[in-house]
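Below are some notes for a colleague who has not seen this model before. Please read them with the structure open.

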Amino acid sequence: YQFVETKAPTGYELDSTPIKFTIEKGQTKAAAVVAENVKKKVEPVNKPADPTAGPNTKHTLANTATNIFNTLLAGAVLLITGTVLLLISRRKKSYE
């Protein structure tokens, strides 16, 4: 018998070289076939020498999710602060 790779995993080269193996009559153990995957070589993309050079001449960064993150962070801080103040006020009332 022979093992032939027909589809390579994503990012790897296809190796269509047949790997031969035998199965004997009455064999109870599985046949071991070893195949090594080789990663595809990725050519580096040429970047401009000046990171601020390019089509965006205003020199602003791309808008990522920082606005949403900042809003969620502020909300979490307010929620925690309110919870702590509520617990402190209840604790003071229970001692009175």
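1. Phe 21 is partly exposed, its relative accessible area being 21%. This is a predicted model, and the value is computed from it. Phe 21 sits in the loop between strand 2 (19-20) and helix 1 (66-95).

2. The structure contains 1 aromatic pair. Its members are Tyr 1 and Phe 21, whose ring centres are 6.0 Å apart and whose planes meet at 20°, so the pair counts as stacked; the cut-off for stacking is under 30 degrees. The pair links distant parts of the chain, 20 residues apart, with Tyr 1 in the segment before strand 1 (2-3). Tyr 1 itself is exposed, at 66% relative accessibility.

3. Glu 5 deserves a separate look. This residue lies in the loop between strand 1 and strand 2. Glu 5 is buried but has no salt bridge, and Lys 7, the nearest side chain of opposite charge, is 11 Å away.

4. What lies around Glu 5? A polar atom of the Glu 5 side chain is 2.9 Å from the backbone nitrogen of Asp 15. Apart from neighbours within four places in sequence, Glu 5 is in contact with Glu 13, Leu 14, Asp 15, Ser 16 and Asn 37.

5. As for the whole protein, there are 1 helix and 2 strands, arranged along the sequence as β-β-α. Of its 96 residues, 1% count as buried. The accessible surface is about 9600 Å², with 61% belonging to carbon and sulfur atoms.

6. On contacts across the chain: among those between residues at least 6 apart in sequence, 33% join residues at least 24 apart.

Notes
Residues are numbered from 1 along each chain as its sequence is written. This is a predicted model: local features need pLDDT of at least 70, side-chain atom pairs count only at pLDDT 80 or more; totals for chains, interfaces and linings use all residues. Side-chain values use heavy atoms; hydrogens and water are left out. Rings of Phe, Tyr and Trp (its six-membered ring) pair if their centres lie within 6.5 Å; planes under 30 degrees apart count as stacked, over 60 as edge-to-face and the rest as tilted. Helices (H or I, at least four residues) and strands (E, at least two) are DSSP runs, numbered from the N terminus. Buried means under 20% relative accessible area, exposed over 50%, partly exposed in between (1.4 Å probe, protein chains only). Lys and Arg count as positive and Asp and Glu as negative; His and the chain ends are not counted. A salt bridge is a side-chain nitrogen of Lys or Arg within 4 Å of a carboxyl oxygen of Asp or Glu. A polar contact is a pair of N or O atoms within 3.5 Å; within protein, one must be able to donate a hydrogen and the other to accept it, and residues adjacent in sequence count only if both atoms are side-chain atoms. Contact means heavy atoms within 4.5 Å. Accessible areas come from the Shrake-Rupley method with a 1.4 Å probe; for residues, only the protein chains shown count as cover.
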